[in-house]
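This report goes through a few local features of the structure shown below. It is meant for a reader who has not seen the structure before.

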Amino acid sequence: MADLFQIGLSGIYSSQASLNTTSHNIANVNTEGYSRQSVEISTAGADRSGNYFVGRGSMISGIERAYDQFAFTENMMNTSQFEYAKEVYQQSSQLDTLLSSSGTSVAQPVLNMFESINGVADSPNTLESRQVFLESANNTVAQYNRLYDSLEVQYSSINNDITNSAKEISSLAGNLASLNQQISAVTGAGVSSNANDLLDQRDQIVTKLSQYVDVSVVPSDNAMINVYIGSGQSLVMGGTALQMLSVNGDPDPSRKELALSVNGNLAVIDGGRLGGSVAGLFDARNNDVERAFNQLGQNVIGLTHAINEQQKQGMTLDGEIGGNLFNDLNAPLTMQKRVLSHDDGLGKMQLSVRIDDLSKLSPDEFDLVVEDYQAGPPETLSFTATNRTTGERLTPLAVDMSESQRVDIPGAGISIGIDSIDPNNLPQKGKSFSLRPTRLAAQEATVQLTDPEKVAAADAEIKTIAAQANNGNALLRTSAIIDPSHALYMDVDNPLNIDIISIDPASGNITYDVVDKNGATALSGLTSTIDPLSGKATFAFAGVEVEMVSGSAQAGDSFSLNFNETGAGDNSNMLKIADLQNQKIMNGNKATIADVYSGMISEVGAKTANADTTMQTMEILQNQSFERMQSMSGVNMDEEAANLLQFQQHYSAAARVISVASELFDTILQASR
């Protein structure tokens with residue numbers, strides 16, 4: 001039979017639990033990640049009394065938290081997407097400010113330099129105008145150097161953020177595994193409500209983890225969860241957490257990558273596919289900052305290489321052919337630094353990249369893979385090149401090394417030199433390289449010329465011109481005037497011709513004759529050897545040196561050497577250098593040097609604007625999902641205050657039941673006396 005005392009006590013216990021839980025909610029109203037809790041009360045059953053049943057009161061069946069799995073998952077996803085968009089915008093905005101700010105932009109120094117070039121053209125014989133030009137050139141190069149250094153600071157900062165993110169992710173994973181163990185221990189008897197606060201803590205850590213990466217949560221045994229990140233990489237499996245580390249990139253050790261430590265082994269993962277702020281860091285670094293390096297390099301290469309080449313077409317004040325004004329972009333070490341070899345254990349060889357055609361040069365990088373190597377004879381090597389930006393795959397790129405050690409990349413304006421192959425570690429199929437033709441150019445840019453007299457303002461005294469009927473595409477240029485007093489040295493009335501007699505592909509020897517204007521042979525049987533690596537050759541005769549700077553000659557080709565009467569006050573070559581400012585020599589002869597830099601600023605500006613729009617959109621979605629989750633799980637003080645009064649009344653009523661039971665018991669006792 002039902003016990004009135006027990007019924008009253010059950011009501012007190014239920015009301016007391018409700019009062020305690022409501023007070024707990026009120027106390028945690030400002031606790032981040034806290035979910036409102038409520039007491040689940042059910043009937044304690046009934047006892048049979050004749051044809052009917054009398055209830056036994058109430059019992060506490062559990063204390064549950066207000067939790068919506070869908071709302072939590074949605075908020076987690078939106079948090080990850082917002083953090084990604086925010087990181088991309090912050091990095092893009094920093095890059096945009098750096099490139100477009102008047103204090104760091106190279107646009108004005110370049111304009112100032114061309115003004116000083118015009119000054120030399122106006123007064124070619126004054127050392128003062130030449131000195132102003134050299135100082136302006138130094139200022140321009142220094143600005144490129146400073147801009148590169150600023151980009152390097154941002155690049156290093158991103159790499160540091162990647163390292164710190166890896167540490168934070170590992171810490172959060174460890175905390176999740178620990179909470180999993182605690183929750184499993186508490187819920188071992190199957191009473192999940194006992195772990196409400198621990199569950200809130202775990203959800204809060206999962207949400208924080210979603211700021212860094214995309215997170216997928218899969219329930220496991222004993223109320224534990226398994227956590228996967230990115231595209232499905234496991235991070236937490238029950239009570240076990242993997243450690244995430246930042247490691248040096250291959251082949252560029254300064255380019256940090258992420259790896260998971262699995263049983264002591266490192267498994268490198270693609271950070272750009274992890275989502276969250278981490279993916280934002282990788283995308284900003286790989287797609288924006290690295291491209292800015294390359295575009296800046298393309299710009300400075302266009303400027304300095306074009307001026308260098310035109311400088312070599314002129315003559316200095318002391319009657320010499322002009323030399324490089326800026327650093328030689330195709331110096332051996334410079335070309336080698338454009339190639340990075342992957343540590344893949346598939347052979348060892350030294351490659352180099354030469355800039356051949358400014359009009360075709362782009363800021364793109366290439367992946368180069370060995371397709372086949374045969375030690376020969378003949379020794380042959382073939383590659384596949386893939387443009388990382390466009391995805392275009394060029395194959396095969398083959399070279400017979402008995403004839404040449406250079407192979408062109410079609411349409412890229414560059415060629416690959418096979419400098420050396422380790423005979424003890426020959427290349428194998430799959431050997432990989434990364435080609436970065438323009439990456440370091442802004443860092444390496446320097447002014448080589450210090451003597452203002454060496455500025456080649458005048459046109460060269462000896463000009464070399466290829467005959468229109470030539471079958472080859474060789475470009476020859478007078479590279480030095482050795483002895484103007486030579487008996488065969490040219491003058492206005494006595495030009496000379498170089499006639500190519502034969503070319504031996506095996507040895508690279510070119511046999512040629514020197515012929516006067518009447519067709520008579522002045523010198524016969526002269527030879528020059530083509531460098532198999534550079535493809536260049538030098539013809540020395542009649543007090544001059546002529547260099548084959550590009551292309552290849554064929555037997556029967558002819559080149560005329562004409563005397564170009566020049567003298568004091570000649571500014572012909574300086575005018576050509578000045579005109580480089582307006583010539584469309586870049587991007588397929590569709591852009592000037594200034595256009596390349598302006599295009600880079602426009603591209604970064606457009607990306608920044610798009611990133612800002614995306615960030616604002618994702619912020620709205622993230623706020624909406626958070627508010628939706630809070631409407632379900634958050635503590636409402638008005639509601640809790642009302643509950644407090646309600647449960648207080650329940651408690652008083654239950655106490656009155658006990659009081660009535662006591663009065664009834666006293667009545668029974670008095671009746672029995």
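A542 counts as buried because its relative accessibility is 2%, under the 20% cut-off. The model is a predicted one. A542 sits in the loop between β27 (537–541) and β28 (544–550). Its phi is positive, about 50°, although A542 is not a glycine.

A223 also has a positive phi, near 65°, in a residue other than glycine. The loop that holds A223 runs between β5 (215–219) and β6 (225–229). With a relative accessibility of 31%, A223 counts as partly exposed.

## A cis peptide bond

The peptide bond joining D250 and P251 is cis, with omega about 15°. P251 is placed in the loop between β9 (243–247) and β10 (257–262).

## The second largest pocket

The second largest pocket holds about 450 Å³ of space. Elements giving two or more residues to its lining are α2 (69–100), α5 (196–212) and α10 (593–633). The largest share, six residues, comes from α5.

In total, 25 residues line this pocket, and G33, Q204, F626, M629 and Q630 lie nearest its centre. By type, the lining has 13 polar, seven nonpolar and five charged residues.

## An annotated segment

In an unreviewed entry, UniProt places the feature "domain: Flagellar basal body rod protein N-terminal" at residues 6–34. Over residues 6–34 the chain is 76% helix and 0% strand. The end C-alpha atoms of this stretch are 34 Å apart.

Conventions
Residues numbered from 1 in each chain as written. Predicted model: local features only at pLDDT ≥ 70, side-chain atom pairs only at ≥ 80, totals over all residues. Heavy atoms only, no water. UniProt positions renumbered as here; feature names shortened; annotations may be inferred. Helix = DSSP H or I, 4+ residues; strand = E, 2+ residues; numbered from the N terminus. 1 Å grid on protein atoms, 1.4 Å probe; cavity = no way out; pocket = protein on both sides within 12 Å on 5 of 7 lines; lining within 4 Å. Points joined across faces, edges and corners; volume = space filled by probe spheres on them. Nonpolar A, V, L, I, M, F, W, Y, C, P; charged D, E, K, R; others polar. Buried < 20%, exposed > 50% of the residue type's maximum accessible area, 1.4 Å probe, protein only.
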